[in-house]
Amino acid sequence: RLNRKLREEKGYTYGASAGFDLRRAAGPFAARAAVNTAVTVPAVMDILAELDGIRSGVTEAEVGEARDYLVGVFPLRFETAGAVVGALGGLVVQGLPDDELSRYRPAIQAVSRDDVIAAARAHIRPDEAAIVLVGAADAFLPALEAAGLGAITIERDPAPEAGSEATDGDAA
């Protein structure tokens, strides 16, 4: 949904994505897109609207497309020896059973529309989002303030000191 809205409909970005950073315990959910400064706030508002919208419902077609995609690309995750080792290592690190990878595709195929809606309502909470924007704050700050999304904290890089320009040998 994010990519369709921000890339295909609005032309704001070459790509947008969202997902969970899965860990042993709960991991963060993040949505990401690189956009031009002029559309920063409209893009944020569209992202929040799409995240809220998925909590309201998804269509059978959307669930089917997502299932087909995840099942279809699954074998591509194991194209190299390194990828196989990484997947097996992930099982150990996450404490998952040995048959986790063989159970993945049937488990994905079993996900229903109701499952997706329940998971979205339980785990996607745009009203609790911490929004991090990187860019020319002065250019989008008035629109961001007008959007009324909450408290705004601006952290600026310190201005370089005169005569202290970095050279090729300096660490960044």
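**Figure 1. The aromatic cluster of Phe74, Phe78 and Tyr104.** In this predicted model, Phe74, Phe78 and Tyr104 form one aromatic cluster. The count of aromatic pairs comes to 3. In the pair of Phe74 and Phe78, the ring centres are 5.0 Å apart and the planes stand at 70 degrees. An angle over 60 degrees counts as edge-to-face, so the pair of Phe74 and Phe78 is edge-to-face. Phe74 has a relative accessible area of 7% and is buried, while Phe78, at 23%, counts as partly exposed.

**Figure 2. The stacked pair of Phe74 and Tyr104.** A pair of aromatic rings is described by the distance of the centres and the angle of the planes. For Phe74 and Tyr104 the centres are 4.6 Å apart and the planes are at 15 degrees. Planes under 30 degrees apart count as stacked, so Phe74 and Tyr104 make a stacked pair. The two residues belong to distant parts of the chain, 30 residues apart. Phe74 is in the loop between α3 (60–73) and α4 (81–94), and Tyr104 is in helix α5 (residues 100–109).

**Figure 3. Arg77 and the ring of Tyr104.** Arg77 lies over the face of Tyr104. Its distance from the ring centre is 5.6 Å. Tyr104 is also a member of the aromatic cluster with Phe74 and Phe78.

**Figure 4. The largest nonpolar core.** This core has 10 residues in all: Leu2, Leu6, Tyr12, Ala16, Val39, Ala43, Ile47, Leu51, Ala120 and Ile124. Helix α2 supplies the largest share, 3 residues. In soluble globular proteins, nonpolar side chains tend to be buried together.

**Figure 5. The second largest pocket.** The space in this pocket is about 680 Å³. It is lined by 24 residues, and the closest to the centre are Ile131, Val132, Leu133, Ile152 and Thr153. Helix α7 (residues 137–147) contributes 5 residues, the largest share of the lining. Sorted by class, the lining has 17 nonpolar, 3 polar and 4 charged residues.

Figure 6. Asn3 is in helix α1. With a relative accessible area of 27%, Asn3 is partly exposed, because this value falls between the 20% limit for buried and the 50% limit for exposed residues. Asn3 and His123 are 120 residues apart along the chain. Their C-alpha atoms are separated by 20 Å.

Figure 7. Leu22 is in the loop between β1 (16–20) and β2 (29–33). Leu22 and Gln94 are 72 residues apart along the chain, and their C-alpha atoms are separated by 9.2 Å.

Conventions:
Residues numbered from 1 in each chain as written. Predicted model: local features only at pLDDT ≥ 70, side-chain atom pairs only at ≥ 80, totals over all residues. Heavy atoms only, no water. 1 Å grid on protein atoms, 1.4 Å probe; cavity = no way out; pocket = protein on both sides within 12 Å on 5 of 7 lines; lining within 4 Å. Points joined across faces, edges and corners; volume = space filled by probe spheres on them. Helix = DSSP H or I, 4+ residues; strand = E, 2+ residues; numbered from the N terminus. Nonpolar A, V, L, I, M, F, W, Y, C, P; charged D, E, K, R; others polar. Core = buried A, V, L, I, M, F, W, Y, C linked by side-chain atoms within 4.5 Å. Buried < 20%, exposed > 50% of the residue type's maximum accessible area, 1.4 Å probe, protein only. Phe/Tyr/Trp six-rings, centres within 6.5 Å; stacked < 30°, edge-to-face > 60°. Lys NZ or Arg CZ within 6 Å of the ring centre and 35° of its normal.
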